[in-house]
There are 2 protein chains.
Amino acid sequence: MRKINTRDFQVATRGTSREINRRIALNLIREHQPISRADLARRMSVTRGVAGVLVQELIERGLIYEGATGEAARGRKPTFLHVRAHDRLVLAADVRFSKTYLMLCDISGRQHALEVWDTVFDPARFVKDLAARVRRMLKIQRAEGNCEGFGLVVPGMVDHRTGRILNAPALGWRDVDVRDRLAAATGLSVQVENAGRACALAQLWLEHGAGAGPHSFVYINVSDGVGVGYVHNGELVRGRDHIAGEFGHMPLDLGGPRCLCGRQGCWEAHVSNLATLSRYFGWNLSKLSPNSLHEAERKSFAVTDLVARARSGDAKALGAVRATARFMGLGLATIVNVLNPDTIYLAGEITAGWDLIEEPLRAGLAERVLTDAAARTPLRVSSAHEYPRLRGAAALIAAPTFAAPRVA
Amino acid sequence: MRKINTRDFQVATRGTSREINRRIALNLIREHQPISRADLARRMSVTRGVAGVLVQELIERGLIYEGATGEAARGRKPTFLHVRAHDRLVLAADVRFSKTYLMLCDISGRQHALEVWDTVFDPARFVKDLAARVRRMLKIQRAEGNCEGFGLVVPGMVDHRTGRILNAPALGWRDVDVRDRLAAATGLSVQVENAGRACALAQLWLEHGAGAGPHSFVYINVSDGVGVGYVHNGELVRGRDHIAGEFGHMPLDLGGPRCLCGRQGCWEAHVSNLATLSRYFGWNLSKLSPNSLHEAERKSFAVTDLVARARSGDAKALGAVRATARFMGLGLATIVNVLNPDTIYLAGEITAGWDLIEEPLRAGLAERVLTDAAARTPLRVSSAHEYPRLRGAAALIAAPTFAAPRVA
DNA sequence: AGCATATTGTTCGCACTCGGAACAAAAGGC
DNA sequence: GCCTTTTGTTCCGAGTGCGAACAATATGCT
C-alpha cells in the first residue's frame with residue numbers, strides 16, 4: 001500500500017506493460033535457469049505466445065541466450081534459456097585502511113582477476129594510481145571496451161547519488177569527490193557506496209538462491225567498526241542524508257565505554273574488534289589512541305586469534321568473546337524491535353566462533369526483544385563467500401539490469 | 001532500485017497501464033482540485049485525449065465528479081474536477097485505557113458524528129457494545145449501507161494482516177481476534193492497527209497538503225508510552241512480526257530507570273509522561289505500580305498541567321520538562337542515525353510546551369547525531385488536528401482507493 | 001510403418017492501451 | 001463577423017496482452 005508521489009511519478013506508456021513483463025521474465029530465467037519458454041509462460045501465468053515475444057526481445061538485447069535442448073518424457077523437447085553473465089564484466093574496488101582490492105568479475109560476481117596493494121591515502125594520487133591499475137588489468141584480461149561499470153566501496157559515509165565521500169575517518173577523507181574524477185580517468189561509469197550497504201547489496205543480488213532469500217533484512221558486519229546495511233522490500237534504504245543504517249553509534253549505555261567517534265556507550269564501543277581485544281588485554285579504552293587496533297594488528301594478534309585461543313581452552317579469551325556476543329545480542333534486539341526484519345545476516349571476524357557466541361548472543365537478544373516471535377528472528381552467519389565487499393561493488397553495477405522498472 | 005520478488009510478483013496485463021495512469025490522475029486531482037482535464041493532461045505529460053478517457057472512467061467509478069466551470073483569460077472555459085469525498089463515509093474507533101472513541105467521517109477525515117464512552121475491557125462485551133453503537137450511529141446519521149469500512153485503533157501490538165491483537169497491556173488483551181468478530185457483528189469490512197502507526201498513516205494520507213509532505217518520515221507520539229510509526233517511500237513499515245517501529249524500548253542506559261515493560265533503561269522510561277511526572281514529584285519508578293500514571297490522572301494532574309506550571313515560573317517543573325526533552329533528543333538521534341528520515345513528526349502532551357523544550361531537545365539530538373546535515377533533520381510538532389488516531393483509523397479505509405497499484 | 005497423443009514454440013485476429021492529429025465547442029479581442 | 005486561444009472529443013495508428021489455431025517435434029501404441 002504505497003502512496004503515489006505526485007511530485008515524482010512515472011506515467012505508464014504503451015511500452016510499460018512490456019517493460020514490466022520483460023523484467024519479470026528476466027528475473028525468472030535468472031533464478032530458474034535453465035528454463036524453457038513454455039515453463040516461463042507457466043510461471044508467469046501468460047500464454048506461450050507472450051513469453052515467446054518477451055524471450056525474443058531479451059535475446060535481441062543480449063540479456064539471455066538459447067542453450068542446449070532439454071529432455072522431456074513426451075512431446076517436443078524444450079530449448080533452454082540462460083542469462084548471459086559470464087562475458088559481461090564489471091570492475092569492483094574496495095578501499096580499506098591497510099590494503100586496496102581491485103577485482104574484475106562478471107555480473108554474477110565470478111572472479112576473473114584480483115589485485116591487492118597498500119592503500120594510497122592522498123585522494124589525487126589514489127585516483128591516478130587506481131586508474132592506471134584499472135587500465136592495466138583491463139588490457140591484460142583483454143576486456144577493454146567490454147566492461148560495463150566500476151563499483152567502488154569505501155569505509156565511511158557516502159553520498160551515493162553524487163558520488164561524494166562525505167566522511168571516511170579510516171582514510172582521512174572528508175567531502176572528497178571520487179566518482180567523477182575516477183570516471184574521467186577510466187572512462188567508465190562509476191558508482192560509490194559504503195561498505196556495510198555494499199555487503200547488503202551483495203547479499204540481495206548475488207547470493208546463490210537469492211531468489212529464495214528474504215526481501216527485508218539487515219546485514220551486520222562487526223570488525224573495526226560496525227557496518228550495517230538495511231534492505232526493505234528488496235530496496236536498500238539510504239536515507240535523506242545517506243546515513244541510514246548507522247546502528248554502530250546508538251547508545252547501549254550513555255555513561256559506557258568511550259567510542260572512537262568521541263561519544264560514550266555506542267554499540268560499536270561494546271562489540272568492535274578493538275572492544276573485544278581490550279576486554280582480553282585489559283586495555284583502558286578512554287586512554288587509547290584511535291590507532292590502537294592497528295598496533296594490535298602490527299603485533300599480529302587479531303580477533304581471529306582470540307577466537308582460536310578461546311577454542312583451545314583459554315578461559316579469559318572465551319570470556320571476552322562471549323561478553324562481546326552478549327552486547328551484540330543486546331544491540332540486535334533494538335534492530336529487531338525497530339525494523340523487525342525477516343532475517344539478520346552477521347559477518348565479521350568474531351563470527352568465526354559462532355558456535356562459541358551463539359548462546360550468549362541469543363540470550364542478549366531475548367533479554368530485550370519484545371515478543372517471542374521476534375526473539376526467533378533468523379540469524380544467519382553470512383555465507384563464507386570471499387570478498388563480500390567486492391561482490392557488493394559488483395552488485396552496484398549489475399543490479400540495474402535486473403531491478404524492477406520505476407512505475408506510478 | 002527494487003529487486004523483483006520472484007515468489008510474489010504481478011504480471012502486467014492489457015489493463016495495467018490504464019490502472020496505473022488512472023491512479024496517478026486520481027491523486028493529481030485530489031491534490032490540485034479543482035483542476036481541469038487540460039491541466040491534468042499537462043501535469044501528467046499525456047495528451048488531452050488520454051486524460052479525457054481517464055477522467056471519464058474515474059467519473060463512472062464514482063471517484064470524482066465534475067463541478068463548476070472555471071474562469072480563463074482567453075478561450076473555452078474549463079470544467080473543474082473534484083474528488084468525491086464528502087458522501088463517502090467510513091467509521092473510525094480508538095480504544096484507550098480510559099475512553100473509547102467512535103467517529104463517523106468521510107474519507108478525507110471530516111467528522112460527521114462522534115461518540116465517547118468508558119472503555120469496556122472484556123473483549124466479547126466490547127465487541128457487542130461497539131457493534132450496537134455502530135448500528136445506532138449509522139441509523140441516526142442515515143448512513144446505513146453507505147459506509148465503506150471500519151478502522152479500529154488499539155494501543156498495542158497488532159497483526160494487521162490477520163486482524164489479531166497480539167498484546168495490548170493497557171487493555172489487558174493478549175492474542176485476541178477482534179477484526180473478524182467485529183466484521184461479523186457489523187457487516188462492515190474491518191481493519192485494525194496500532195496507534196502509533198495509525199497516526200503515521202493519518203499524516204501520510206489525510207494531512208492538508210499531504211502531497212507536498214515527505215514520503216519517508218517517522219511519527220512519534222510521547223504519552224503514556226512512546227508510539228512510533230515509520231513510513232518509508234510512502235509505505236508504512238510493519239515488519240515480519242508486526243512490531244517494526246517499537247523504538248520505545250530501545251535502551252539509552254542498560255542500568256537506567258525501570259520501565260513498565262520490566263526492563264531497565266528504555267527510552268520510554270526516560271521520556272513517558274510517567275517519567276516526566278516522576279521527575280517533578282520525586283517518585284521512585286522502580287517502586288511504582290504500573291497504574292501510577294492513572295493515579296496521577298485521578299489526581300487530575302497531567303503533563304499538560306506540568307507544562308503550564310513550567311510556563312508560569314515553576315523552576316522545578318521547567319527542569320523536569322527540559323530533562324525529558326533532552327532524553328527525547330537523545331532517542332531521536334538514534335532514529336536519525338538509523339532511519340535518516342526526511343522529517344520527524346512529534347506529538348503528545350509535552351509538545352504543548354514546544355517553545356520550552358525545543359532547545360534541550362535539539363541539544364540532545366546534536367549530542368549523538370553523526371553529521372551536521374542529520375542534526376538539521378526537520379522536527380515538526382504534529383499539526384494541531386484533532387483526533388489523529390481516529391483520523392488514522394479512517395486512513396486505513398481510505399488509503400486503498402488512492403494507493404499505487406501493485407506491479408512487478 | 002502409421003497413427004494418436006503430448007509438448008514446445010509460432011502465428012494470427014481481437015480487444016485494449018497510449019500517442020498524435022484533426023475536429024468541434026466555447027470564449028474573448030479586434 | 002472573423003481571428004485567436006483554449007478546452008474537450010474523436011479518430012486512426014502503433015504497440016500491448018490474450019486466446020485459439022497452427023506447425024514442429026518427440027514418444028508410444030497398434
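A: Two residues are in contact if their C-beta atoms, placed from the backbone, lie within 7 Å. Keep in mind that this is a predicted model.

Q: OK, which strands does helix α4 of chain B lie across?
A: Helix α4(B), residues 123-140, lies across β3, β4, β5 and β6 of chain B. It runs at about 35° to β4(B).

Q: And which strands does helix α5 of chain B touch?
A: Helix α5(B), residues 179-186, packs on the sheet and touches β6 and β10 of chain B. Its direction makes about 145° with that of β10(B).

Q: What's the order of the strands in that open sheet?
A: The order is β5-β4-β3-β6-β10 in chain B, five strands with mixed pairing.

Q: Which strands stand at the edges?
A: β5 (111-118) and β10 (190-194) of chain B. Each has a single partner strand, so one side of each has no neighbour in the sheet. From one strand to the next, the twist averages 15°.

Q: What holds paired strands together in general?
A: Strands of a sheet pair through backbone hydrogen bonds, either parallel or antiparallel.

Q: Different spot. How do β8 and β9 of chain B run?
A: They are antiparallel, with four bridges joining β8(B), residues 164-168, to β9(B), residues 173-177. B:I165 faces B:V176 across the pair, standing opposite it.

Q: How many residues lie between those two strands?
A: Four, and the strands form a hairpin. In the turn, B:G172 has a positive phi of about 75°.

Q: Now chain A. How far does helix α4 reach there?
A: α4(A) has 18 residues, 123-140, and spans 26 Å from its first C-alpha to its last. That is close to the 26 Å expected at 1.5 Å a residue.

Q: Which of its residues are buried?
A: A:F126, A:V127, A:L130, A:V134 and A:L138 are the buried residues of α4(A). They cover an arc of only 90° around the axis, which puts them on the same side of α4(A).

Q: What covers them?
A: The cover includes β3 (89-95), β6 (147-154) and α5 (179-186) of chain A.

Q: And what's on the face turned away from the buried side?
A: Exposed residues, among them A:R125, A:R136 and A:K139.

Q: What follows α4(A)?
A: A:R142 follows, and its phi is positive, near 50°.

Methods: Residues are numbered from 1 along each chain as its sequence is written. Chains are lettered from A and ligands numbered from 1 in the order in which they are written. This is a predicted model: local features need pLDDT of at least 70, side-chain atom pairs count only at pLDDT 80 or more; totals for chains, interfaces and linings use all residues. Two strands pair if DSSP finds at least two bridges between them. Axes are lines fitted to C-alpha atoms, for helices over the stretch in contact, and angles run from 0 to 180 degrees between N-to-C directions. The expected span of a helix is 1.5 Å times one less than its number of residues. A residue is buried if 20 or more other C-beta atoms lie within 10 Å of its own, exposed if 12 or fewer, and partly exposed in between; C-beta atoms are placed from the backbone. The arc is that of the directions from the helix axis to the C-beta atoms.
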